[in-house]
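Open the structure in your viewer and keep the selection tool at hand. We will go stop by stop.

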Amino acid sequence: MTRPNRTRVEGLATGRAFALPQHHLRDLADFRLVTDDQIAAAQRVLARDAHTLAEGAGAAALAAVLTDPDRFAGRTIAVVCTGGNASPAELADLAT
């Protein structure tokens with residue numbers, strides 16, 4: 001399946017799903033959809049509260065938690081923050 005990219009988050013802008021990872025992850029992972037604005041908000045939280053710079057793709061998991069906190073309330077969870085490839089323009093946008 002292919003579709004046009006409609007995201008500012010370069011690390012997530014694949015435009016298509018690949019069969020092998022989808023096959024393995026479908027039974028193991030809980031996929032959540034978040035917007036670019038929610039990802040940017042998560043980047044700001046990481047920068048402000050954890051003193052961690054993350055590219056958009058690296059902040060996407062935190063965006064899912066912040067967007068639906070009741071889903072995760074009372075549970076012990078780990079949020080993996082990956083990616084240090086944020087462009088200077090992306091980092092500048094965090095200040096807005």
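## First stop: His51

Select His51, which counts as exposed because its relative accessibility is 70%. The model on screen is predicted. His51 sits in the loop that links α2 (36-49) and α3 (56-67). Check its backbone too: the phi of His51 is positive, about 55°, although the residue is not a glycine.

## Zoom out: the whole chain

Show the whole protein chain. How many helices and strands does the chain have? There are 5 helices and 0 strands. Along the sequence, the pattern reads α-α-α-α-α.

Of the 96 residues in the chain, 22% are buried. Consider contacts between residues at least 6 apart in sequence: 55% of them join residues at least 24 apart.

Select α2 and α3 together.

Colour the residues where they meet. From α2, pick Gln38, Ile39, Ala42, Gln43, Val45 and Leu46. From α3, pick Gly56, Ala59, Ala60, Leu62, Ala63, Leu66 and Thr67. By class, this contact has 9 nonpolar, 4 polar and no charged residues.

Stay on α3 and show what is buried. The list is Gly56, Gly58, Ala59, Ala60, Leu62, Ala63, Ala64 and Val65. What covers these buried residues? The cover includes α2, α4 (69-72) and α5 (88-93).

## The nonpolar core

Next, select Val9, Ile39, Ala42, Leu46, Ala54, Ala59, Ala60, Leu62 and Ala63. These 9 residues form the largest nonpolar core. Which elements give two or more residues to this core? They are α2 and α3. The most comes from α3, with 4 residues. As a general rule, nonpolar side chains in soluble globular proteins tend to be buried together.

Centre the view on Ala59, one of the core residues. Set aside its neighbours within four places in sequence. Ala59 then contacts Ile39, Ala42, Gln43, Leu46 and Ala54.

## Across to Gln43

Follow the contact from Ala59 to Gln43. Gln43 belongs to helix α2. Is Gln43 buried or exposed? Gln43 counts as buried, because its relative accessibility is 6%, under the 20% limit for that class. Again leave out neighbours within four places in sequence. Gln43 is in contact with Ala54, Glu55, Gly56, Ala59, Glu90 and Leu94.

## The segment before α1

Move to Thr7, in the segment before α1. At 28% relative accessibility, Thr7 counts as partly exposed. Not counting residues up to four places away in sequence, Thr7 touches Ala13 and Asp36.

Ala13 is partly exposed, with 27% relative accessibility. Its contacts, beyond neighbours within four places in sequence, are Asn5 and Thr7. Now draw a line from Ala13 to Arg75. These residues are 62 apart along the chain, with 30 Å between their C-alpha atoms.

## Last stop: Arg26

Finish on Arg26, in helix α1 (residues 19-28). Arg26 is exposed, with a relative accessible area of 58%. How far apart are Arg26 and Leu94, C-alpha to C-alpha, and what is at the other end? Select Leu94: the distance is 32 Å in space, and the pair is 68 residues apart in sequence.

Key. Residues numbered from 1 in each chain as written. Predicted model: local features only at pLDDT ≥ 70, side-chain atom pairs only at ≥ 80, totals over all residues. Heavy atoms only, no water. Buried < 20%, exposed > 50% of the residue type's maximum accessible area, 1.4 Å probe, protein only. Contact = heavy atoms within 4.5 Å. Nonpolar A, V, L, I, M, F, W, Y, C, P; charged D, E, K, R; others polar. Core = buried A, V, L, I, M, F, W, Y, C linked by side-chain atoms within 4.5 Å.
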